[in-house]
Amino acid sequence: MSATAVVGIAVGTLMGASAALAAPPSAAGAAVSTQGVTIQAVNNLGLTTSEGKSVQCYVRDAGFSPGTIDGQLGTSSWKAWQRFLNDRGYNAGTVDGDVGPATIRALQRFLTYIGYDTGGIDGVAGTKTRAAWKAFSHLGGGWC
């Protein structure tokens with residue numbers, strides 16, 4: 001048997017396997033769901049669930065809805081924080097729920113303004129910024 005024949009057989013076998021794996025037959029004609037799944041990123045910047053709830057309550061009490069108070073800082077919570085930070089002049093930039101450098105710089109400005117050491121205004125959620133955020137979540141015993 002030639003090398004070309006062996007390659008042809010191997011490719012044909014793999015192609016058959018790929019087709020079978022790509023579209024398996026449904027059991028007894030059962031319908032296949034095509035409903036999409038939304039994945040929401042959570043970025044607590046080192047906060048526990050309890051601490052996350054506290055900062056959600058803080059921003060809610062300041063008039064900016066973070067959505068469900070569940071301790072998971074997802075898109076809705078960060079949009080609320082971005083609105084809060086922009087409203088107070090800390091310049092979080094676009095309200096998109098993304099915890100990017102502009103949001104981190106604004107959070108650092110806010111935390112620094114109220115007396116916490118974030119290690120600088122650099123847009124990086126480093127050790128000191130995370131420690132300041134954690135300490136803030138406990139300010140006054142928390143807000144929830």
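Contact here means heavy atoms within 4.5 Å. With that in hand, we can walk through this predicted model.

Start with the overall plan. The secondary structure of the chain comes to five helices and zero strands. From the N terminus on, the elements run α-α-α-α-α. The chain has 144 residues, and buried residues make up 29% of them. Take the contacts between residues at least 6 apart in sequence: 38% of these join residues at least 24 apart.

Now look at one helix pair. Two packed helices are described by the angle between their axes and the distance between the axes. Helix α2 covers residues 49-61, and helix α5 covers residues 127-138. They pack at an angle of about 70°, and their axes are 8 Å apart. Angles of 65 to 115 degrees count as roughly perpendicular, so α2 is roughly perpendicular to α5. Which residues in α2 and α5 meet? From α2 come E51, S54, V55 and Y58. From α5 come W133, K134, F136, S137 and H138. The residues of this contact divide into four nonpolar, three polar and two charged.

Next comes helix α3. It has 13 residues. From its first C-alpha to its last it reaches 18 Å, close to the 18 Å expected at 1.5 Å a residue. Buried in α3 are S77, W78, A80, W81, Q82, F84 and L85. What covers these buried residues includes α2, α4 and α5. After α3 comes G89, whose phi is positive, near 85°.

The loop between α3 and α4 holds N91. Is N91 buried or exposed? Its relative accessible area is 52%, so N91 is exposed; the cut-off for exposed is over 50%. N91 still has partners beyond its neighbours within four places in sequence: L85, N86, A102, A106 and R109. One of them, A102, lies eleven residues from N91 along the chain, and the C-alpha atoms of N91 and A102 are separated by 7.4 Å.

In α4, the buried residues are T103, I104, A106, L107, Q108, F110 and L111. They pack against α2, α3 and α5. G115 follows α4, and its phi is positive, near 110°.

Why does T103 count as buried? Its relative accessibility is 3%, and buried means under 20%. Leaving aside neighbours within four places in sequence, T103 is in contact with W78, Q82, L85, A92 and D98.

F110 leads on to the core. The largest nonpolar core has 23 residues. Which of them have the most contacts inside it? They are W81, L85, F110 and W133. Helices α2, α3, α4 and α5 each supply at least two residues of this core.

Some of these names have come up before. L85 is among the buried residues of α3. W133 belongs to the α5 side of the contact with α2.

Notes:
Residues numbered from 1 in each chain as written. Predicted model: local features only at pLDDT ≥ 70, side-chain atom pairs only at ≥ 80, totals over all residues. Heavy atoms only, no water. Axes fitted to C-alpha atoms, helices over the stretch in contact; angles between N-to-C directions. Helix = DSSP H or I, 4+ residues; strand = E, 2+ residues; numbered from the N terminus. Parallel < 35°, antiparallel > 145°, perpendicular 65-115°, else oblique. Nonpolar A, V, L, I, M, F, W, Y, C, P; charged D, E, K, R; others polar. Buried < 20%, exposed > 50% of the residue type's maximum accessible area, 1.4 Å probe, protein only. Core = buried A, V, L, I, M, F, W, Y, C linked by side-chain atoms within 4.5 Å. Expected span 1.5 Å × (residues − 1).
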